[in-house]
Structure formats: structure tokens, C-alpha cells
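Me: I want to go through the labels on this model one by one. For each label, give me the value, the rule and the conclusion.

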Amino acid sequence: MGLKEYKGEKITVYFDGEICEHAAECVKGLPEVFNVKARPWISLDKVDAKKVVEVIDRCPSRALTYKI
Ligand code: SF4
């Protein structure tokens, strides 16, 4: 429970499923990174860290956060 951590080369993403509002900004914004059908559902290998930051900044609930 609580915060889960997803590590990429340049960015680490944290996700708190308990506060996610399922607004889907993340999955709409970057489907190649945020894919609820994949395990793990966040995959940071294929994408520029800057784009990940842009999408995470739109997360309304702050369920997604990051560290560069
Ligand atoms: S953008 Fe934030 S609130 Fe919306 S589904 Fe993604 S993690 Fe949940």
C-alpha cells in the first residue's frame, strides 16, 4: 500500500494509488509510459524524462510525483 516507486534512467516516478482520481491525464498524455494493462503499469525506458514531467504536472490529484 501507499507510495510505489518506478525507476527510469533519468527520472524516478512515485505513484500513490490511494489518492489517484482516475482523471486519466497520465494515460491520455503518454500512453507509452502509463499503460494500466501493462505490468509494471509505468514504464520509463522509452521516453524523454521532460515529457514525463509535463504529464505528471497535469495530474490533478498529485498521485503522481517525480524526482529527477
Ligand atoms: S493523472 Fe493522476 S489522478 Fe489521473 S489517473 Fe493519472 S495518476 Fe490518477
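What follows is a set of questions about labels, with a reply to each.

Reply: Two ground rules come before the labels. This is a predicted model, where local features need pLDDT of at least 70 and side-chain atom pairs count only at pLDDT 80 or more, while totals for chains, interfaces and linings use all residues. Residues are numbered from 1 along each chain as its sequence is written, and side-chain values use heavy atoms, with hydrogens and water left out.

Me: Why is Cys26 called buried?
Reply: Buried means under 20% relative accessible area, exposed over 50%, and partly exposed in between, with a 1.4 Å probe and protein chains only. Cys26 has 14% relative accessibility, so Cys26 counts as buried.

Me: What makes Cys59 buried or exposed?
Reply: The value for Cys59 is 12% relative accessibility, so Cys59 is buried.

Me: How many disulfides are there?
Reply: The count is zero. The rule asks for a pair of cysteine sulfur atoms within 2.5 Å. In general, a disulfide is a covalent bond between the sulfur atoms of two cysteines.

Me: Which residues are around the ligand?
Reply: Among them are Cys20, Cys26 and Cys59. Phe15, His22, Ala24, Pro60 and Leu64 are also included. The criterion is a heavy atom of the residue within 4 Å of the molecule.

Me: What is the make-up of that shell by class?
Reply: The shell around the ligand has eight nonpolar, two polar and two charged residues. Ala, Val, Leu, Ile, Met, Phe, Trp, Tyr, Cys and Pro count as nonpolar, Asp, Glu, Lys and Arg as charged, and the others, Gly among them, as polar.

Me: Where does the ligand sit?
Reply: The ligand is in the largest pocket. A pocket is an open set of points on a 1 Å grid over the protein atoms alone, where a 1.4 Å probe fits, with protein on both sides within 12 Å along at least five of seven lines. To sit there, a molecule needs more than half of its atoms within 2 Å of the grid points.

Me: Why is His22 called exposed?
Reply: Its relative accessible area is 66%, so His22 is exposed. His22 lies in the loop between β2 (12-16) and α1. Helices (H or I, at least four residues) and strands (E, at least two) are DSSP runs, numbered from the N terminus. His22 also has a positive phi of about 55°, although it is not a glycine.

Me: What makes Ala24 partly exposed?
Reply: Ala24 has a relative accessible area of 27%, so it falls in the partly exposed class. Ala24 is in the loop between β2 and α1. Its phi is positive, near 65°, in a residue other than glycine.

Me: Which residues does a cis peptide bond join?
Reply: Arg39 and Pro40, with omega about -5°. Pro40 belongs to the loop between α1 (25-29) and α2 (49-56).

Me: Why does Asp57 count as partly exposed?
Reply: Asp57 is at 45% relative accessibility, so the label is partly exposed. Asp57 is in the loop between α2 and β3 (64-67). Asp57 and Glu25 are 32 residues apart in sequence and 9.6 Å apart in space, C-alpha to C-alpha.

Me: What does the UniProt annotation say of residues 6-66?
Reply: The unreviewed UniProt entry annotates them as "domain: Divergent 4Fe-4S mono-cluster". The end C-alpha atoms of residues 6-66 lie 9 Å apart, and the span is 21% helix and 16% strand. UniProt positions are given in the numbering used here, feature names are shortened, and annotations may be inferred rather than shown by experiment.

Methods:
On a 1 Å grid over the protein atoms alone, a cavity is a set of points where a 1.4 Å probe fits but cannot get out, and a pocket is an open set with protein on both sides within 12 Å along at least five of seven lines; lining residues have an atom within 4 Å of a point.
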